[in-house]
Amino acid sequence: FLFKFLVIGSAGTGKSCLLHQFIENKFKQDSNHTIGVEFGSKVVNVGGKTVKLQIWDTAGQERFRSVTRSYYRGAAGALLVYDITSRETYNALTNWLTDARTLASPNIVLILCGNKKDLDADREVTFLEASRFAQENELMFLETSALTGENVEEAFLKCARTILNKIESGELDPERMGSGIQYGDASLRQLRQPRGPQAQTRQPCSC
Ligand SMILES: Nc1nc2c(ncn2[C@@H]2O[C@H](COP(=O)(O)OP(=O)(O)OP(=O)(O)O)[C@@H](O)[C@H]2O)c(=O)[nH]1
Ligand SMILES: [Mg+2]
């Protein structure tokens with residue numbers, strides 16, 4: 001499978017550092033504001049299945065909003081990032097959430113990431129209130145640190161695992177237009193229940 005992912009949230013919350021830590025296994029020193037959108041990809045193993053994550057790291061700055069919004073369409077999953085040392089970035093979450101659900105898909109699988117967990121002394125948002133927010137808005141939730149690497153891989157994998165579970169249970173249909181999911185291998189299609197002759201004879205994509 002190939003899953004399209006987004007990383008969204010206010011400027012300076014550590015989105016690019018999270019992506020860098022996930023892909024390179026190290027902290028990105030001197031990270032500058034993202035201009036528009038950056039891209040990264042990684043092949044991961046989720047419950048014995050190979051999944052390629054195609055990840056779009058978006059700029060948090062308001063002036064890029066119209067550009068970044070055009071990348072939302074059809075994303076299967078997203079990391080919604082705030083900074084635990086900045087209440088302002090936490091307060092902005094409702095807007096980011098609305099954008100994700102309206103512009104990507106109402107079924108998008110979202111994981112809320114409270115980043116900069118290593119800066120606990122400067123914390124402005126408690127774990128408890130963020131987990132309540134996550135529960136109320138049907139989001140998964142983790143606190144992460146792009147600096148130490150804590151929970152970074154977990155965040156991406158948790159999101160991918162949930163998407164895979166939804167495919168297996170039939171809740172998500174990879175063949176629906178704009179699902180953000182593509183088949184990478186014909187044999188993987190056996191995972192799903194057969195849905196009649198037409199669905200079975202269609203050719204897989206060549207991604
Ligand atoms: N201590 C600490 N600093 C972090 C962490 N993640 C990011 N930073 C710092 O936060 C600043 C912003 O990080 P970026 O990854 O560029 O933030 P961004 O969300 O991509 O910002 P935009 O691209 O403008 O939206 C940088 O100075 C990073 O060094 C973290 O987990 N811990
Ligand atoms: Mg960035």
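The legends below describe close-up views of a predicted model.

Residues are numbered from 1 along each chain as its sequence is written, while chains are lettered from A and ligands numbered from 1 in the order in which they are written. Because the model is predicted, local features need pLDDT of at least 70 and side-chain atom pairs count only at pLDDT 80 or more, whereas totals for chains, interfaces and linings use all residues.

**View 1. Overall layout of the protein chain.** The protein chain holds 7 helices and 7 strands, where helices (H or I, at least four residues) and strands (E, at least two) are DSSP runs numbered from the N terminus. Read from the N terminus, the order of elements is β-α-β-β-α-β-α-α-β-α-β-α-β-α. Of the 207 residues, 40% count as buried. A residue is buried if 20 or more other C-beta atoms lie within 10 Å of its own, exposed if 12 or fewer, and partly exposed in between, with C-beta atoms placed from the backbone. Among contacts between residues at least 6 apart in sequence, 71% join residues at least 24 apart; two residues are in contact if their C-beta atoms, placed from the backbone, lie within 7 Å.

**View 2. Confidence along the chain.** The mean pLDDT of the protein chain is 89, and 88% of its residues reach 70 or more; pLDDT is the predictor's confidence in each residue, from 0 to 100. Over residues 190-207 pLDDT stays under 50. For this stretch the model has 15 contacts beyond four places in sequence.

**View 3. The shell around ligand 1.** There are 20 residues around ligand 1, and Gly14, Ser16, Ser31, Thr34 and Gly60 come nearest. A residue is near a molecule or strand if its C-beta atom, placed from the backbone, lies within 6 Å of it. The shell divides into 6 nonpolar, 11 polar and 3 charged residues. In this count Ala, Val, Leu, Ile, Met, Phe, Trp, Tyr, Cys and Pro are nonpolar, Asp, Glu, Lys and Arg are charged, and the others, Gly among them, are polar. Helix H1 (residues 15-24) gives the most to the shell, with 3 residues.

View 4. In H1, 8 of the 10 residues are buried, namely Lys15, Ser16, Cys17, Leu18, Leu19, His20, Gln21 and Phe22. The buried residues of H1 pack against S1, strand S2 (37-46), strand S3 (49-58), S4, S5 and helix H6 (152-169). Asn25 follows H1 and lies in the loop between H1 and S2. Phi of Asn25 is positive, near 60 degrees, in a residue other than glycine. Asn25 counts as exposed because it has 10 C-beta neighbours inside 10 Å. Asp30 lies in the loop between H1 and S2, with a positive phi near 50 degrees. Asp30 has 4 other C-beta atoms within 10 Å and is therefore exposed.

View 5. All 7 residues of strand S4 (residues 77-83) are buried. In a regular strand the side chains alternate between the two faces of the sheet. One side of S4 carries Gly77, Leu79, Val81 and Asp83, the other Ala78, Leu80 and Tyr82, and both faces are covered. S4 pairs with strand S1 (residues 2-9) in the parallel sense over 5 bridges; two strands pair if DSSP finds at least two bridges between them. Phe5 stands opposite Gly77 in S4. S4 also runs parallel to strand S5 (residues 109-115), joined by 7 bridges, and Gly77 stands opposite Val109 in S5.

**View 6. Val7 in strand S1.** Val7 is found in S1 and counts as buried because it has 27 C-beta neighbours inside 10 Å. The C-alpha atoms of Val7 and Ala78 are separated by 5.6 Å, with the two residues 71 apart along the chain. Leaving aside neighbours within four places in sequence, the contacts of Val7 include Lys15, Leu18, Leu19, Leu79 and Val81.

**View 7. The largest nonpolar core.** A nonpolar core is a set of buried Ala, Val, Leu, Ile, Met, Phe, Trp, Tyr and Cys residues joined through C-beta atoms within 7 Å. The largest has 53 residues, of which Leu18, Ala78, Leu79, Leu80, Ala100 and Ile111 touch the most other members. S1, H1, S3, S4, helix H4 (93-104), S5, strand S6 (140-143) and H6 each supply at least two residues of this core. The largest share, 8 residues, comes from H6. Not counting residues up to four places away in sequence, Ala100 touches Ile8, Tyr72, Ala78, Leu80, Ile108 and Leu110.
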